[in-house]
Amino acid sequence: SSHSFYQVNAAQTEVLYKAAIEVANLQGTERILDAYCGTGTIGLVAARVLQEKRNDAAAVVLGVDKITEAIADARNNAKHNGISNASFFAEDAGVFMEGMTQRGESIDVLFMDPPRAGASEEFLRSTMHLQPKRIVYISCNPKTQVRDVGILQKHGYTLKTLQPVDMFPHTNHIETIALMLKSNTK
């Protein structure tokens with residue numbers, strides 16, 4: 001829909017999402033949160049991987065974005081693609097994560113793809129409370145990603161991988177994928 005964000009370079013978007021899924025090293029048992037999920041594309045790709053590797057009925061993807069039109073698109077995309085292990089919620093990602101923490105819920109992998117401004121302080125605080133084992137941080141702005149990665153490092157995460165993806169060749173626009181692991185996590 002017109003209020004939903006979607007990458008315009010479809011060929012490189014496929015490269016970007018494939019690389020993000022690879023660094024996440026999904027085994028088929030994870031509970032995943034796709035924050036800032038938009039139309040659900042990253043989460044739906046992850047959900048498909050979980051379906052293909054399904055070892056555990058608890059392997060699910062939760063997607064959250066504050067744009068209600070995008071969440072409607074994500075739900076339609078899941079239905080259209082036969083994805084039954086993904087649910088999408090229209091809410092601020094940080095507030096949603098705080099609610100998960102308060103209910104005693106956990107996640108194994110956090111995919112986050114915030115806007116150019118990066119993650120908010122509230123979102124990062126919620127991330128630290130929820131303590132996912134792995135964070136796959138996709139960013140279109142290396143400056144804000146460096147800032148956010150630094151904050152997460154101060155709170156027990158280690159940067160393991162940083163992978164650039166050239167989204168628009170012959171321009172300065174890249175996306176970067178950072179894999180961060182919680183201390184004492186493989």
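Okay, let's start with Arg147, which counts as partly exposed because its relative accessibility is 39%. On that scale, buried means under 20% relative accessible area, exposed means over 50%, and partly exposed is in between, with a 1.4 Å probe and protein chains only. The areas themselves come from the Shrake-Rupley method with that 1.4 Å probe, and for residues only the protein chains shown count as cover.

Before I go on: this is a predicted model, so local features need pLDDT of at least 70 and side-chain atom pairs count only at pLDDT 80 or more, while totals for chains, interfaces and linings use all residues. Residues are numbered from 1 along each chain as its sequence is written, and side-chain values use heavy atoms, with hydrogens and water left out.

Back to Arg147. What does Arg147 form a salt bridge with? The partner is Asp148, and the closest N and O atoms are 2.9 Å apart. By salt bridge I mean a side-chain nitrogen of Lys or Arg within 4 Å of a carboxyl oxygen of Asp or Glu. Asp148 is buried, since its relative accessible area is 0%. There is also a network here: Arg31, Arg103 and Glu105 are joined by salt bridges that share partners. Within it, Arg103 pairs with Glu105, with 2.5 Å between the closest N and O atoms. Arg103 is exposed, at 53%, and Glu105 is partly exposed, at 27%.

How many salt bridges turn up in a search of the whole structure? The search finds 5. One of them that I like is between Arg134 and Glu30, with the closest N and O atoms 3.1 Å apart. That one links distant parts of the chain: Arg134 sits in strand S5 and Glu30 in the loop between H1 and S1, 104 residues apart. Helices here are DSSP runs of H or I with at least four residues, strands are runs of E with at least two, and both are numbered from the N terminus.

Are the two partners buried or exposed? Arg134 is buried, with a relative accessible area of 12%, and Glu30 is buried too, at 4%. Leaving aside neighbours within four places in sequence, Arg134 is in contact (heavy atoms within 4.5 Å) with residues including Asn25, Glu30, Asp108, Leu110 and Leu181.

Asn25 brings me to backbone angles. Most residues other than glycine have a negative phi. Asn25, though, has a positive phi, near 50°. Asn25 is in the loop between helix H1 (10-24) and S1, and counts as partly exposed because its relative accessibility is 48%. His170 has a positive phi as well, near 70°, and lies in the loop between S6 and strand S7 (174-182). At 84% relative accessibility, His170 counts as exposed.

Which residue follows H5 with a positive phi? That's Gln131, near 55°. H5 covers residues 121-130, and Phe123, Leu124, Ser126, Thr127, Met128 and Leu130 in it are buried. What covers those buried residues includes strand S1 (31-35), H4, strand S4 (109-112), strand S5 (134-139), helix H6 (142-153) and strand S6 (157-166).

On the H4 side, have a look at Gly94. Gly94 is in helix H4 and counts as buried because its relative accessibility is 4%. Not counting residues up to four places away in sequence, Gly94 touches Phe123 and Ser126.

Then there's Pro114, in the loop between S4 and H5. Pro114 is buried, with a relative accessible area of 3%. Pro114 and Asp34 are 80 residues apart in sequence and 10 Å apart in space, C-alpha to C-alpha.

Last stop, the surface. Which residues gather in a patch of negative charge? They are Glu91, Asp92, Glu121 and Glu122. Patches are made of residues with over 30% relative accessible area and no salt bridge; like charges are joined within 9 Å, and nonpolar side chains (Val, Leu, Ile, Met, Phe, Trp, Tyr) within 5 Å. Lys and Arg count as positive and Asp and Glu as negative, with His and the chain ends not counted. Each charge is placed at NZ of Lys, CZ of Arg, CG of Asp or CD of Glu. Asp92 is in the loop between strand S3 (86-90) and helix H4 (93-102), and counts as partly exposed because its relative accessibility is 37%.
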